[in-house]
Amino acid sequence: MERFLKGTQPVVLKQALLFLMTIPGMPVIYYGTEQYFTETRASMFKNGWGSKGEDHFNQESEIYSFLKNIIAFRKQHPATRYGKVKAIYSENSSGMLVYSLDSSEEQLLVVMNTSNSKKIANIKTYLEDGTILKPIYNFRGQSYNITVKNSGYITIT
């Protein structure tokens with residue numbers, strides 16, 4: 001079986017890893033993902049098959065740092081490990097995916113855009129009007145508060 005990254009872009013891999021880290025259960029990450037491996041049986045170290053005499057384990061790589069950060073995020077937020085998942089919104093094809101994670105310690109709202117283009121959605125939630133949603137993680141670096149309005153609706157870009 002080919003690696004996930006073999007048929008897609010790094011940004012899609014990151015989103016898939018974020019999904020994996022924000023749903024309950026034991027996440028499994030195949031070795032080499034943290035180094036952007038695309039070769040099925042590539043070796044991490046220089047004496048292994050296909051390594052061409054080079055070590056490929058790099059703790060300074062961008063994807064290694066990304067994984068380290070999202071694993072830390074998962075450890076900090078119990079809802080990602082033990083929360084109840086509730087689908088809030090999804091589009092039939094690529095586009096917005098929104099789900100909540102509720103645990104006794106916290107409530108999280110996860111928003112993903114699986115499309116290659118910018119999306120705007122007016123989404124009905126279970127939240128009370130006036131509730132302010134504060135971003136706690138965004139791998140694109142864009143963050144803004146969202147206020148619940150009009151009988152539980154939020155507008156997400």
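For elements I went by DSSP runs numbered from the N terminus, with helices as H or I of at least four residues and strands as E of at least two. This is a predicted model, so I kept local features to pLDDT of at least 70 and side-chain atom pairs to pLDDT 80 or more, while totals for chains, interfaces and linings use all residues. Residues count from 1 along each chain as its sequence is written, and side-chain values use heavy atoms, with hydrogens and water left out.

Entry: backbone. I found Tyr36 in the loop between helix 1 and helix 2. Its phi is near 60°, positive in a residue other than glycine. Most residues other than glycine have a negative phi.

I then looked up Asn150, in the loop between strand 6 (146-147) and strand 7 (153-156). Asn150 is not a glycine either, yet has a positive phi of about 45°. Asn150 is exposed, with a relative accessible area of 61%.

Entry: cores. I took a nonpolar core as buried Ala, Val, Leu, Ile, Met, Phe, Trp, Tyr and Cys residues joined through side-chain atoms within 4.5 Å. The largest has 15 residues, and Leu17, Phe66, Ile70 and Leu101 touch the most other members. Helix 1 (10-21), helix 2 (62-76), strand 2 (96-102) and strand 3 (107-113) each supply at least two of its residues. Apart from this core lies another, of eleven residues, including Met96 and Ile154.

How values were computed. Buried < 20%, exposed > 50% of the residue type's maximum accessible area, 1.4 Å probe, protein only.
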